[in-house]
Structures are given as C-alpha cells and as structure tokens.
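Let's take a walk through the aromatic side chains of this one. Keep the viewer open and follow along.

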Amino acid sequence: MARSRLIHAVPYDDLFGSLSLFSWLLAATYLCLEAIHRRRVVGPFVLPIVLAVFLLAHLPEARVVKAPPAQGPLFAFHVTLNILAYSAFAISFVLSIIFLIQNQRLRDHKLGVVGWRFPALDVLDRMTRSSVLIGCISLAAGMTAGMIWAHRLEGRYWDGDPKVIVTVVILLAYIGYTFLSRTSSWRGARASALCIFNFMFVIFSYSIVNRYLSHFHRYF
Amino acid sequence: MEIVLIGLNHKTASVDLRERVAFTPEQAREAAEQLRSRGLLEESLVLSTCNRSELYGVPSESATNSAGAVELFVASFHQISLNDLDHSLYRHRDSHAVRHLFRVSAGLDSMLLGEAEILGQVRDAYQIALDRGETGPVLNRMFQSALEVGKRVRNETELGTRPVSVAFASVKLAERIFGKLNSHRALIVGAGATSEQVVKHLCDRGIKQLRVINRTPEHAVNLAARFNGEVVPWENLPAALEWPDLIVTSVSSTEPVLTRAMINKAMSARGNRALLMVDLGVPRNVAPEVADIYNTYLYNIDDLTEIVEQNKKARVAEIPRAEAIIDEQVDKFLHWQAGVAAGAVLGDLRSKLAAEREAFMKDRFAAMPNLSEADRAQVAAMMQEFTERMLITPAEKMRGIPELRRKLQNFEAIRDLFHLDREKP
C-alpha cells in the first residue's frame, strides 16, 4: 500500500510491489470464491499463503523505482489482470492439493481429525474449476491489454519475449484442464493432479523466466 | 433463591423404573400445577425423555425441606413407594443443579456421548413450561443458559461432530464426497435392518432419488414405499449400477454380489463420476478388488466399525473442552444469580431502614412539639437522604465484587446482621 501511494500507481515496478499486489488479489479471489460457493473451510489453508507472500513483499522499504515507459491505465490493467490470474491459479493449486489429500484419505479409510472438517470432494472440485475459469479469463484479458499496450508503444503485438510465450503455454494448459476435468477419464484425482502440474508453469514463469529469460518482463 | 433438582437417568435407574417415572406432557403440566398449589415450588420444569426424568424447581420462600417434599410428591404422583425410588434418585442443589443441567444439554450425560437430540428435548421441555407460565426468572435464565451451553459445545468442540453409528457414518462419508446430497442418487441393495437405518439417515440429509433392489421383492416394495423410493427387479442389478452415486449393500450371500467387472462397466457407463459403495454385508457383498477402480470409494462393515470406534474415542477426548465451557457458563449463571440476590438484599435493607427511620422520627418528633410542619418535613428529607447515601457504597460493592460475595456467603451474613428475614423479625 505504501509502495502504491509512493508511486501513485498500481505497484508493478519491482518484484516486491508485484508480490504485494499478488497477495491482495489472492485474498480478493479467495473471498470471491467463498462468496460463490458458500464454503469457508478452505480459508485456513489459503490465509497463511496470503500472509507469507504479503510479508515477503513488505520486507524491503518501499522505494521509487524507474518506471517502465508509457504508463497508462492500459498497462495497469495488463499487470493487475495477469496477477489476478496468477492468484486464481494459486488458489486452484491449493484446492487441488487439498482434494488429493482428502481423496487419498477417503480411499484409505483414514479420515482422522481434519478429514471430517475438510470440505466435500465435490465442493473442492467445483471451487477449483471456478478458480481456474477466473484465472483463464483474466489472463486472456490481461494478455490482450498487454499486447495492445505493446502495439501502441512499439508498433507490434508480438515480440517473441519468452515470458509471453510461457504465458501462452500457461493459458493453454489451464484451458486444457478446464476441458479435461469434465471428461470421463480425467474426472476427479487426475484432474487435480493436472491442475497442480499446471501451476508449476506459473512458478517457472514467475521465477526463472522473470529473472533470467525475459527482456522486459523483469518483475511480473 | 434456591434451585432444587431431583431426577433419575439411564445410569441410576432401570428401564422399568424409568418408564414408571416418565412424565407425559399432560402429566408434567398436572405435576407442575399441584406442586405450585401445594406451595412447594414457585417455579418448576419437568424434563422427561426415554433416558431421564428430571424435575427442576425453585422452592417457595416458606417451604422447608423442599427437596424431600418434592421427592415424596413424585413418588405419590407415580404411585411408587419412596423406597423403590430412593436409590435411583439423584438430588442436586443450586450450582450443582445448574451444572447438571448444563452437562445434560451438552450431551455429556447422555447414553451416547455428545448426541444432539437431547438439546432439542431440553428446548422443547423449556418451551412448554414457559408457555404454560410454570417457569420464572430463575429457571428461565437457567434454561436459556443451558441451551447456549449446548450450542457452544457443539460449535466449539468435536464432541458431537463425528458420527458414532455405522449407519450415520455411511451417510456422513457420502457427504464428504458429494457435499449436499439433495441432487444425488442412492441404490439400496438388500432390504435389511441396517440398510433401513442408512436410508432413514439419507432421507434426513436430503436425498431425494432412491431405488431399492432385493431378492425378495416384497421387502423392497415395503422399504421403498416407506421412503418414497422406486423398486428395481433383482435381474436388472448390473444395469441398475449405472444410476446411483451411492450404493448400500446388505445381502446375505456367500459370494460377492457386486464384482469388479460389474463396477468397471458401471463406471465407464457413468463417465467415471465418483461412486461410494457401503458394504454392510457379512460375508462381504462387494468384491474387495473393486476398491482399486478409479474414482470409487469402498467401505465395508469393518472399516465403518473402526471409524465409529475412532470417533467414539475422539468424543471422549473432547470432554475436558466441553467441561471448560460448562465451568465458564456455570460461573456466569452464578454471577447473575448473585447479582439478583444482591438486588433483593439491598431492597430489603432499604425498606427495613425506611421503616426504622419512620418509627424513630415519629418517636422523636413527639418530644419536640415546637417544630413547625416545614421543619419536620425538612428533617425527614435529610434523614432519608442520609440513609440512601449510607447504602451507596455497599450496594456498589455487593453488585460488583464476586470476592466480597463469597466472603459474605451469599449475603446470608447481612441478612442475619440486620434481621432481614421476614419470618423472624
């Protein structure tokens, strides 16, 4: 928040700013899902992640960083929507892990203390799917905004930046999940495993690609 | 402001005796009426379920040995000799009676630890007594607190959450997989006694679509009719497996009735949607290999029994937490009760002082004939103001400090000190 006030914009200029935004949007997405599905049971698993990312984001002092050129609402939309997509994917990742644990417990007849408190498999499944849907839509919208912005700035929509390529892969992977999770051979645990696997792309994109591969998507 | 409780329950009395001492709602009303007309109890409430009969009361001020009199009354009301009753009755007073009621409504005193039904029974008994005007401020407060205790224990502890019967455990497992059961389908294979219990719980939890299949069609028709289900002929069993999300089996058969091949076929026909099978049969009705099929969940009677045993242990482990809630609520109640008692003592003290003051002034004014009417009025006002002022600090202390209350042993000392008892002035 302090960072955002300092630079009078959505805080997307450095890794910590984008992490902070990420944690806010993560919480917002979760609250949204909670409102749709009327289930609060997953909160205890999502909240620690929100807090961890939030703390990580606030470790260094807020400082003004050299801003990327041609800032405007379009660029802010691009960043916000993409980070919203990542937070939706992060939640689907957490939900899928809970699904797999709970599924295994039910199959092994070992429910234990938490087993009776966890949400039903069906609920987890539906929450995961709506979360992925939110992610796909905002990622597609965010990428479109980014391309239009790039076109205005440099006159081309596509410059072959690795980050953009990886993001397209992520989008395709999650669209794939959305379809497969409704088919007979992938329904249930396999779909959740796929969802967890897909999130590895997101982590890869957020870490390795940002740090070493991308030309100008340095921090988000 | 005493509270008395006499009662018996499944721990202290045989079924036979419990039946004889049970109160129907009509009898409860009659008993309450008689207790009041005889001047034994000011407030009364009868809590009578199949496992307990309890009578809570607040004795009238004039009654002596009210608990004994109430015991006699109960014996004569049910035409049982007091000797038969004596060993089975428990008698509690004041804070012990309050604690007992709180434990009852929390489910700690139930045969099945933590069961939920008792809370509803307490609520009903209270509602009936309240409507008939049999309760008063003390029992109202006490039963409202008891309902609060019941709710808190169920919300804040695991005492009542995990199922402790095989039938209910099956239904709860289904809810762990499918969520709400309203839109799901159940197939009952074999119409035995346990499957009937499962069906009953399933219907309670909202299942609407139910099919019954049985070797003897009459039994299936019977069960289906009672729970609004359909009957499927036994020959159609393999095809019938594609329809449900939950299958409950209890067939007496030496060979498994549902084989791996049958379930495999059913699963591909239903697009691999999750399938829960609850096998209550001994020997087992579902082939054990079925458990390996993707997206199926298979529980046999041993698995369920083990879950039930674990849950029973888990409930026992929750007792201390429930007791802590009860301690807290008993303290709260006693605090309230003491506050009311303090108010009553202060009221008595105030009127006593007022009477003494009037008498004193009358006496002194008689010796002072030269005082004018206005002077007399002024002196009277001053004296009144003075006595009121004297009472301000003690009133604050009595209301506010529990420690002081304990020191004064519920204000009995003050009553003695100022001769506040109306009977012995």
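Rings of Phe, Tyr and Trp (its six-membered ring) count as a pair if their centres lie within 6.5 Å; planes under 30 degrees apart make the pair stacked, over 60 edge-to-face, and the rest tilted. With that in hand, searching the whole structure turns up 8 aromatic pairs over all chains. One of them is B:Phe73 with B:Phe77, a tilted pair at 5.6 Å centre to centre with 35° between the planes.

A quick word on the ground rules. This is a predicted model, where local features need pLDDT of at least 70 and side-chain atom pairs count only at pLDDT 80 or more, while totals for chains, interfaces and linings use all residues. Residues are numbered from 1 along each chain as its sequence is written, chains are lettered from A and ligands numbered from 1 in the order in which they are written, and side-chain values use heavy atoms, with hydrogens and water left out.

Back to chain B. B:Phe73 and B:Phe77 sit 4 residues apart, about one turn, in helix H3 (residues 66–77); helices here are DSSP runs of H or I, at least four residues, numbered from the N terminus. Both B:Phe73 and B:Phe77 are buried, meaning under 20% relative accessible area (1.4 Å probe, protein chains only). Together with B:Phe23, B:Phe73 and B:Phe77 make one aromatic cluster.

Finally, look for charges over rings: NZ of Lys or CZ of Arg within 6 Å of the ring centre and within 35 degrees of the ring normal. A:Arg190 lies over the face of B:Tyr294, 3.6 Å from the ring centre. B:Arg211 has its charged end over the ring of B:Trp243, at 3.9 Å from the centre.

Definitions and conventions
Helices (H or I, at least four residues) and strands (E, at least two) are DSSP runs, numbered from the N terminus. Buried means under 20% relative accessible area, exposed over 50%, partly exposed in between (1.4 Å probe, protein chains only).
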